[in-house]
Amino acid sequence: MNLVEKIASKQIRTDIPEFRVGDTVKVNVKIVEGKRERIQAFEGLVMAIQGSGVGKTFIVRKVSGGIGVERTFPINSPIIDSIEVVRTGKVRQAKLGYIRTMVKQPKIKERRTKEAA
């Protein structure tokens, strides 16, 4: 293991749960306003997961007031307080870009886990 890999392995977070594209997640984000800090929840559908290692990111989309809002989060970022998987979804694509053009929200089937089966 070279020096870059050693430094990168220390920065990777281990408290993040495993989730996939198609899952509905709630991301609690730390917001700093002046001297105060608060936590804001952003709940939506995981549209894409990109990259690997320290630079791994994921895109979450929600509809707020009839307008689609997408936000890209670095998984290892310190502004992420926690991630909670609300619902597991079963999709057949790695990137769900087609959801942007849909008028109605798609119905995504629930993914069955091995514990439930």
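Followed along the sequence, their order is α-β-β-β-β-β-β-β. This is a predicted model, in which local features need pLDDT of at least 70 and side-chain atom pairs count only at pLDDT 80 or more, while totals for chains, interfaces and linings use all residues. Residues are numbered from 1 along each chain as its sequence is written, and side-chain values use heavy atoms, with hydrogens and water left out.

**The whole chain**

Of the 117 residues, 29% are buried, that is, under 20% relative accessible area with a 1.4 Å probe, protein chains only (exposed is over 50%, partly exposed in between). Among contacts with a separation of 6 or more, 50% join residues 24 or more positions apart; a contact means heavy atoms within 4.5 Å.

**The largest nonpolar core**

Next, select Phe19, Val25, Val27, Phe58, Val60, Phe73 and Ile83. Of the 14 residues in the largest nonpolar core, these touch the most other members. Such a core is a set of buried Ala, Val, Leu, Ile, Met, Phe, Trp, Tyr and Cys residues joined through side-chain atoms within 4.5 Å. Strands β1 (24-33), β2 (36-50), β3 (57-64) and β5 (80-87) each give two or more residues to this core, and β1 supplies the largest share, four residues. Apart from this core lies another, of eight residues, including Leu45, Met47, Ala48 and Ile59.

Now centre on valine 25. Beyond its neighbours within four places in sequence, valine 25 is in contact with Phe19, Phe42, Glu43, Gly44, Val46, Val60, Ile83, Glu84, Val85 and Val86.

**The aromatic rings**

Finally, show the rings of Phe19, Phe42, Phe58 and Phe73, which ring pairs link into a cluster. The structure holds three aromatic pairs; rings of Phe, Tyr and Trp (its six-membered ring) pair if their centres lie within 6.5 Å, with planes under 30 degrees apart counted as stacked, over 60 as edge-to-face and the rest as tilted. Zoom in on phenylalanine 19 and phenylalanine 58: their ring centres are 4.9 Å apart and their planes at 65°, so the pair is edge-to-face. Phenylalanine 19 sits in the loop between α1 (3-11) and β1, and phenylalanine 58 in strand β3, so the pair ties together parts 39 residues apart in sequence. Both phenylalanine 19 and phenylalanine 58 are buried.
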